Amino acid sequence: MVNFLHVSDTHLGCTSSDVRHMTIKYLNMNFQPIEFDFARAYWKIITYALEKKDEIDFIVHSGDFYHYPFLRHPYPPSEASRNIAVKGLKRLDRAGIPTIIIDGNHGIFHSRRTSTIQSFEVLENVKVFTFWDDLINVLQGNKKQLIYNLNEKDCVIHCFPFVNKKYLGSLSEDAKDEYLNWLKTYNTSNKGVTEIGVTHGMKLDETLPAELLDIDFDYLAVGHNHHFEKISKKAYNAGAIERWRFDESDQEKVILEVQAEHDELPNVTSITLDSRPMLSTIIDANTDDPPSAVIEKVQKYLNTHKLATGFDFDSAFRVKIGVKGDMPHTFWARFNAELTELYNEIMRKDDYNILQFSIGRISDPIAEDLELKPGEEVEYLIENPEKDFRKFIEKISPEDYDIDLLIRLFSDAVKRVEEASNTPPKR
């Protein structure tokens with residue numbers, strides 16, 4: 001039997017827009033808001049692992065160690081996030097706790113064909129498995145397994161860095177088929193040892209292949225989906241360690257403590273992590289309402305949740321408000337002026353216990369009011385595109401449309417946009 005911690009999606013360096021302009025000093029490092037929340041959660045995990053060092057055999061991290069780079073944001077992790085990452089891993093290394101980390105979809109410089117986690121291998125007890133150096137090597141003809149052997153515990157850890165199958169198709173004509181064939185013919189040792197798999201992917205975006213789920217692991221550690229999930233009897237998604245987007249506002253963040261043994265069901269215990277509170281709502285702007293009336297609704301919402309009580313960083317909220325209504329452009333021009341005044345009052349003074357305040361129009365997805373700000377994520381504006389699109393279709397005239405067909409077409413279009421953003425530059 002082996003005992004280990006399953007950690008995922010630490011997203012060190014994660015930032016958000018519409019936050020207070022402040023720096024938080026932590027462990028002699030300076031962090032920005034939100035970035036600090038992920039760093040604090042990470043350090044709690046390091047501390048917990050050290051407290052349990054005599055009870056755990058190793059740690060697996062199932063991807064997205066760093067938040068940047070990703071998609072349209074090619075810049076590297078911040079200096080503070082890199083420092084706390086190494087500081088934590090060095091403590092685990094000195095304690096003799098093996099730590100196995102794989103690439104997720106965040107943290108890879110695709111233009112340079114390198115990963116941000118590669119430098120961790122200078123630490124004796126840290127082993128990384130990356131997309132470009134390890135998985136691509138497999139697909140180019142070296143069909144060796146990407147494994148870490150824990151011989152003294154009769155345990156083998158099989159690692160599968162993040163793969164977008166359609167992304168592989170942009171690298172070469174055969175890469176996708178090579179990858180799936182590798183999974184179909186993949187064999188565990190079947191010699192009575194405990195077999196652990198580690199991967200990054202989910203069924204929703206088709207990055208968790210059925211072929212991988214069919215492999216006979218005693219435990220499959222999964223990352224990518226930020227919500228803790230039991231995928232099957234032996235496969236668990238640990239989820240992210242802190243809330244990133246507002247669609248995670250009601251999610252409990254955890255790490256998993258696992259006991260696994262050959263040919264037995266794993267015993268999995270979730271360890272809850274503290275998360276910063278989040279609130280989100282939609283406020284209607286009626287046709288006859290002046291902009292000041294909408295501002296009053298916003299203030300009423302904040303007062304209802306007792307946020308006008310003075311600022312305290314540790315307990316401060318992240319708040320997102322969408323304003324919905326078919327208003328003329330002149331209304332929004334006046335409303336934006338009053339909104340700017342309210343935003344400055346909230347974010348530049350200490351009257352409200354709010355760390356992040358995001359507010360904007362949601363009725364027209366192509367409106368000028370929703371243009372992205374530098375560093376702002378598309379996911380942050382539309383948290384569930386398919387769900388929102390379905391509501392829109394059902395509202396206008398459902399009897400005239402095949403709603404399920406339209407949803408499928410819409411979903412395919414969204415995926416194509418995401419894939420275009422993920423496609424590596426041609427050489």
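Mentor: Begin with a group of rings: F4, F58, Y219 and Y236 form one aromatic cluster. Rings of Phe, Tyr and Trp (its six-membered ring) pair if their centres lie within 6.5 Å; planes under 30 degrees apart count as stacked, over 60 as edge-to-face and the rest as tilted. This is a predicted model, where local features need pLDDT of at least 70 and side-chain atom pairs count only at pLDDT 80 or more, while totals for chains, interfaces and linings use all residues. Residues are numbered from 1 along each chain as its sequence is written, and side-chain values use heavy atoms, with hydrogens and water left out.

Trainee: How many aromatic pairs does the structure hold?

Mentor: There are 20 aromatic pairs. One of them joins Y66 and F120, a tilted pair with 6.0 Å centre to centre and 40 degrees between the planes. Y66 lies in the loop between β4 (58-61) and α2 (79-94), and F120 in the loop between β7 (114-115) and β8 (126-129), so this pair ties together parts that are 54 residues apart in sequence. Helices (H or I, at least four residues) and strands (E, at least two) are DSSP runs, numbered from the N terminus.

Trainee: Why is the pair of F131 and W132 edge-to-face?

Mentor: Their ring planes stand at 85 degrees, with the centres 5.1 Å apart, so the pair is edge-to-face.

Trainee: Are F131 and W132 buried or exposed?

Mentor: Buried means under 20% relative accessible area, exposed over 50%, partly exposed in between (1.4 Å probe, protein chains only). F131 has 3% relative accessibility, so F131 counts as buried. W132, at 9%, is buried as well. Y66 and F120 are also buried.

Trainee: Which ring does the charged end of R20 sit over?

Mentor: A charge sits over a ring if NZ of Lys or CZ of Arg is within 6 Å of the ring centre and within 35 degrees of the ring normal. For R20, the ring is that of F311, with the charged end 3.9 Å from its centre. R245 lies over the face of W244, 5.7 Å from the ring centre.

Trainee: What is the strand order in the open sheet of six strands?

Mentor: Two strands pair if DSSP finds at least two bridges between them. Here the order is β9-β10-β11-β12-β14-β13, with mixed pairing. At the edges are β9 (147-150) and β13 (229-230), each of which pairs on one side only. Four bridges join β9 to β10 (residues 155-160) in the antiparallel sense. Y148 stands opposite I157 in β10.
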